[in-house]
Amino acid sequence: MGVRIKPVEPTVIKDKAIIKQVIAEIRRRPTKAALARQKKHNDIIMSMVRKCPE
């Protein structure tokens, strides 16, 4: 018995204000605090990967 996957319909956004807001959020540069947080998390993950026995 197979699993049938339903196709996903794309969402059409007709409100121009929402589209402009989404584009602005995509283009916004990350803050220094966000970059520092990301670097800290990346360092933690990389240290765990290095310690993991193969």
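Helices are DSSP runs of at least four residues, numbered from the N terminus. By this count R29 is found in the loop between α1 and α2. The model described here is predicted.

The protein chain has 2 helices and 0 strands. Helix α1 covers residues 16-27. Helix α2 covers residues 32-51. R29 belongs to the loop between these two helices. G2 lies in the segment before α1, and V3 is found in the segment before α1 as well.

The overall dimensions were examined next. For a compact globule of 54 residues, the radius of gyration would be near 10 Å. The protein chain has 20 Å instead. The C-alpha trace spans about 50 × 50 × 10 Å along its principal axes.

Separations between individual residues were also computed. G2 and A34 stand 32 residues apart in sequence, and their C-alpha atoms are 44 Å apart in space. For V3 and V49, a sequence separation of 46 residues goes with a C-alpha to C-alpha distance of 35 Å. R29 and P10 are 19 residues apart in sequence. In space, 27 Å lies between their C-alpha atoms.

Of the 54 residues of the protein chain, 0% count as buried. The accessible surface of the chain comes to about 6200 Å². Carbon and sulfur atoms account for 61% of that surface.

V3, from the segment before α1, counts as exposed because its relative accessibility is 77%. R29, in the loop between α1 and α2, reaches 73% relative accessibility, so R29 also counts as exposed.

V22 has 39% relative accessibility, so V22 counts as partly exposed.

Charged side chains were then considered. The protein chain has 14 positive and 5 negative side chains. The centres of the two sets lie 5 Å apart. Side chains of opposite charge can pair when their charged atoms come close. The structure holds 1 salt bridge. In this salt bridge D43 is paired with K39. The closest N and O atoms of the pair are 3.2 Å apart, and the cut-off for a salt bridge is 4 Å.

D43 counts as partly exposed because its relative accessibility is 41%. K39 has 53% relative accessibility and therefore counts as exposed. The threshold for exposed is over 50%.

In summary, the predicted model contains 2 helices and 0 strands.

Key: Residues are numbered from 1 along each chain as its sequence is written. This is a predicted model: local features need pLDDT of at least 70, side-chain atom pairs count only at pLDDT 80 or more; totals for chains, interfaces and linings use all residues. Side-chain values use heavy atoms; hydrogens and water are left out. The radius of gyration is taken over C-alpha atoms; the globule rule is 2.2 Å times the number of residues to the power 0.38. Buried means under 20% relative accessible area, exposed over 50%, partly exposed in between (1.4 Å probe, protein chains only). Accessible areas come from the Shrake-Rupley method with a 1.4 Å probe; for residues, only the protein chains shown count as cover. Lys and Arg count as positive and Asp and Glu as negative; His and the chain ends are not counted. The place of a charge is taken as NZ of Lys, CZ of Arg, CG of Asp or CD of Glu. A salt bridge is a side-chain nitrogen of Lys or Arg within 4 Å of a carboxyl oxygen of Asp or Glu.
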